[in-house]
Amino acid sequence: TAYFVGIALARRSDGLNALALAALVMVALSPSSLFELSLQLSFLAVASLLLLVPVLEQRLGAPALTATDEGPRRILKRALRAATQTAYASIAVTLAGLPLLAGAFGQVSLIGVVANTVALPLSGVLTLLAAGSAFASVFSETLAVPLVVLGTQLSHAFCALTHAFAQVPWAAMPVAAPSVALSVLWWVLLSAWALGASKLRFVAGAALVPTLAFLLWNCAPADDALEVTFLAVGH
């Protein structure tokens, strides 16, 4: 809503401002949501897209369109650029959410970067179908039916895709929940690498590697650890 209001007023949008506004509204309406994993992961993911993806593009590069690119060459470059940006988005979300995911689920996905790169475009289509069907239903439920049917079939395909990736050997590795101090250290280093000056970025980037190794290999759960699966249904 804030984004479209900005367009209507001919103002450029600011992602961090919109994210902060969304957080303010959600926490004001439901203060306890601050402690819900879904909110934490969602806002952490969006923040990583805003802050980390531009840095990854700057450091690692991305195919750029030029005035001489025409026809099939232009289409190919656009496709490569979209795939590269999706991969960077997947890397950013994975890195930012690492401590939370390890603590909540006791495992870290090793294939998530590849799986997200394939699944994110389909996720975007599903989001558009959901919004479109909701909008169409305001005028007529009949208009919404085709969108809902298509969205249902694509949802099944999306689930099948994620299950297929999950079956790959070593798709995920079990880890113990990291301490609060280790989690904070990880986010501080990641933020310093993304936002700091050149020297600070170098130091933070170098420190991220051993911190990641400690997160993954020194936090392995004991073989005889009790494992409990809790399904939160909102009651």
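Okay, let's start in the middle: the largest nonpolar core here has 24 residues, where a nonpolar core is a set of buried Ala, Val, Leu, Ile, Met, Phe, Trp, Tyr and Cys residues joined through side-chain atoms within 4.5 Å. Buried means under 20% relative accessible area, exposed over 50%, and partly exposed in between, with a 1.4 Å probe and protein chains only. The residues with the most contacts inside this core are L52, V108, V175, W186, L190, W193 and L208.

A quick word on the source. This is a predicted model, so local features need pLDDT of at least 70 and side-chain atom pairs count only at pLDDT 80 or more, while totals for chains, interfaces and linings use all residues. Residues are numbered from 1 along each chain as its sequence is written, and side-chain values use heavy atoms, with hydrogens and water left out.

So which elements give two or more residues to the core? They are α3 (37-60), α4 (71-105), α7 and α8; helices are DSSP runs of H or I, at least four residues, numbered from the N terminus. The one that gives the most is α7, with seven residues.

Now look at α7 (residues 180-195) against α8 (residues 198-217). They pack at an angle of about 150°, with axes 8 Å apart; the axes are lines fitted to C-alpha atoms over the stretch in contact, and angles run from 0 to 180 degrees between N-to-C directions. On the α7 side the contact includes L182, W186 and W193, and on the α8 side L200, L208 and F214 are among the residues. Contact, by the way, means heavy atoms within 4.5 Å.

Take W186, which we met in the core. Leaving aside neighbours within four places in sequence, what is W186 in contact with? The list is L95, L98, P99, L208, T211, L212 and L215.

Over in helix α3 sits S48. S48 is buried, at 2% relative accessible area. Beyond neighbours within four places in sequence, S48 is in contact with V53, A92, V93 and A96.

Last stop, helix α5 (residues 112-139), which holds both F135 and F139, four residues apart, about one turn of the helix. Their ring centres are 5.2 Å apart and the planes sit at 70°, so the pair is edge-to-face. The rule is that Phe, Tyr and Trp rings (six-membered ring for Trp) pair with centres within 6.5 Å; planes under 30 degrees apart are stacked, over 60 edge-to-face, and the rest tilted. Buried or exposed, then, for F135? F135 is exposed, at 58%, and F139 counts as exposed too, at 61%.
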